[in-house]
Amino acid sequence: MRRLIWLLSLALAAAQTIDPQDLVTQAQKLAAEGHADQALALYRQALARAPELFDAHLGAGIVLDLQGRYAEARQHFEKAILEAPDESKNQALVSMGVSYAFEGNAKSASTFYRQAFDRGMAAQDLVGGAATANALGRIYLESNDFDNAAKWHQTGYETSRRQ
């Protein structure tokens, strides 16, 4: 009995020392291989150990989005936006925009794409800004909002010309 308790305590200690970032790396690999449920389980384990971990929230949100669980995905994207380092903030904003685009909600998607575009312009990232504008134009086009699609494609074109 004593040996069993000792083994269980060793197993518990080993499980608690797993680096959350290692779990995220494993989850990213599983997600890329199409093992969404296993990836999501690892993302959740990482978040149990490090609730503020940007990469885990972003990854969990992406997996949930691809499973069609948009509302749950957006909860993770909200946290990813809050926890993102500055250089990753646009990735989180665009991921939130994509989530709304999956549901055909161009208006809500545009809120996040516009923030990413404005951040890119403030940082003089003309290539990124042009790509963001064109992506938003595509979302509007797929939503049959041709006026906004034309506006954002024109913005993307003009931004790329400034490069």
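This is a predicted model: local features need pLDDT of at least 70, side-chain atom pairs count only at pLDDT 80 or more; totals for chains, interfaces and linings use all residues.
Residues are numbered from 1 along each chain as its sequence is written, and side-chain values use heavy atoms, leaving out hydrogens and water.

**The largest pocket**
- Its volume is about 210 Å³, meaning the space filled by probe spheres set on grid points joined across faces, edges and corners.
- A pocket is an open set of points on a 1 Å grid over the protein atoms alone, where a 1.4 Å probe fits, with protein on both sides within 12 Å along at least five of seven lines; lining residues have an atom within 4 Å of a point.
- Of the 13 lining residues, Ala31, Tyr43, Gly59, Ile62 and Val63 lie nearest the centre of the largest pocket.
- Helix α4 gives the largest share of this lining, six residues; helices are DSSP runs (H or I, at least four residues), numbered from the N terminus.

**Ile62**
- Ile62 lies in helix α4 and is partly exposed, with a relative accessible area of 36% (buried is under 20%, exposed over 50%, partly exposed in between, with a 1.4 Å probe and protein chains only).

**Two loop residues**
- Gln124, in the loop between α7 (106-122) and α8 (126-142), has a positive phi near 60° and is exposed at 55% relative accessible area.
- Asn144, in the loop between α8 and α9 (146-162), also has a positive phi near 60° and is exposed at 56%.
- Most residues other than glycine have a negative phi.
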